[in-house]
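This briefing sets out the overall make-up of the chain and then turns to two individual residues. It is meant to be read alongside the sequence and the structure.

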Amino acid sequence: LQGRHCVIATAYYSAARLDALEIDARSIELLVRLDLKSIKDWSTRAIAPDALLNFWKRTGQSRVRVFHSPFAHAKVYLGSRSFLVGSANLTVRGLSGTKGELLWHERDARARLVIEQAIAEYRSSLKELSIGALADYVEHNAEHVKHEAARLDRSDEDRLPPAVDRPLRAGTYDDFRTWLIRQRSPAARE
């Protein structure tokens, strides 16, 4: 991603993807799933708060803002010139082209304004995270997560799928929004 301002909204995020992520922007917002009262998602490797902390430090604390919720579910990758939206988490599986992935790549200025408004509304439902709070969470839970991870099943988010089969683009962002409005699930409403 590059541009003046970039936004990544993702439910799940893996260490492999965060470690490889390079963003050339003056400001970066990450809207992620994180429950500071639980280690379940971290223990199963669905999320990687330790890698998120490393990314934040490596990228520059003043350039990054992180917003979180235990229920965050949106998947949007927004740069200055275009955006992607669909079901791809910032994980090995999510960005490998699985069948469930439906990405819309948009460069249309009108669609960009719509997605920026949607992101602003979504951001307002999340809580801003400080780097200190994240560092405390990681420091206080890392050993427990290591122990729990050894006994729990690993999330599929951090594994490559058996076969990569990327679907063809299914339409414009407006087509996606029309389809999404007809869905009844809590994830679609979000």
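The chain, seen here in a predicted model, contains seven helices and seven strands. Followed along the sequence, these elements come in the order β-α-β-α-α-β-β-β-β-α-β-α-α-α.

**Chain as a whole**

- Of the 190 residues in the chain, 45% are buried.
- When contacts between residues at least 6 apart in sequence are considered, 74% of them join residues that are at least 24 apart.
- The chain exposes about 10,600 Å², and carbon and sulfur atoms account for 51% of that area.

**R45, between two helices**

- R45 lies in the loop that runs between helix 2 (40-43) and helix 3 (49-59), and its phi is near 65 degrees, which is a positive value in a residue other than glycine.
- R45 counts as partly exposed because its relative accessibility is 39%, a value that falls between the 20% and 50% cut-offs.

**K75, between two strands**

- K75 sits in the loop between strand 3 (64-69) and strand 4 (76-78), where the side chain of K75 reaches the backbone oxygen of H73 at 3.0 Å.
- The relative accessible area of K75 is 8%, so this residue is classed as buried, the cut-off for that class being under 20%.
- With neighbours within four places in sequence left aside, K75 is in contact with A9, T10 and A11, and also with L84, V85, G86, S87, A88 and N89.

Notes. Residues numbered from 1 in each chain as written. Predicted model: local features only at pLDDT ≥ 70, side-chain atom pairs only at ≥ 80, totals over all residues. Heavy atoms only, no water. Helix = DSSP H or I, 4+ residues; strand = E, 2+ residues; numbered from the N terminus. Buried < 20%, exposed > 50% of the residue type's maximum accessible area, 1.4 Å probe, protein only. Contact = heavy atoms within 4.5 Å. Areas by Shrake-Rupley, 256 points an atom, 1.4 Å probe, with all protein chains shown as cover. Polar contact = N/O pair within 3.5 Å; in protein donor to acceptor, adjacent residues only side chain to side chain.
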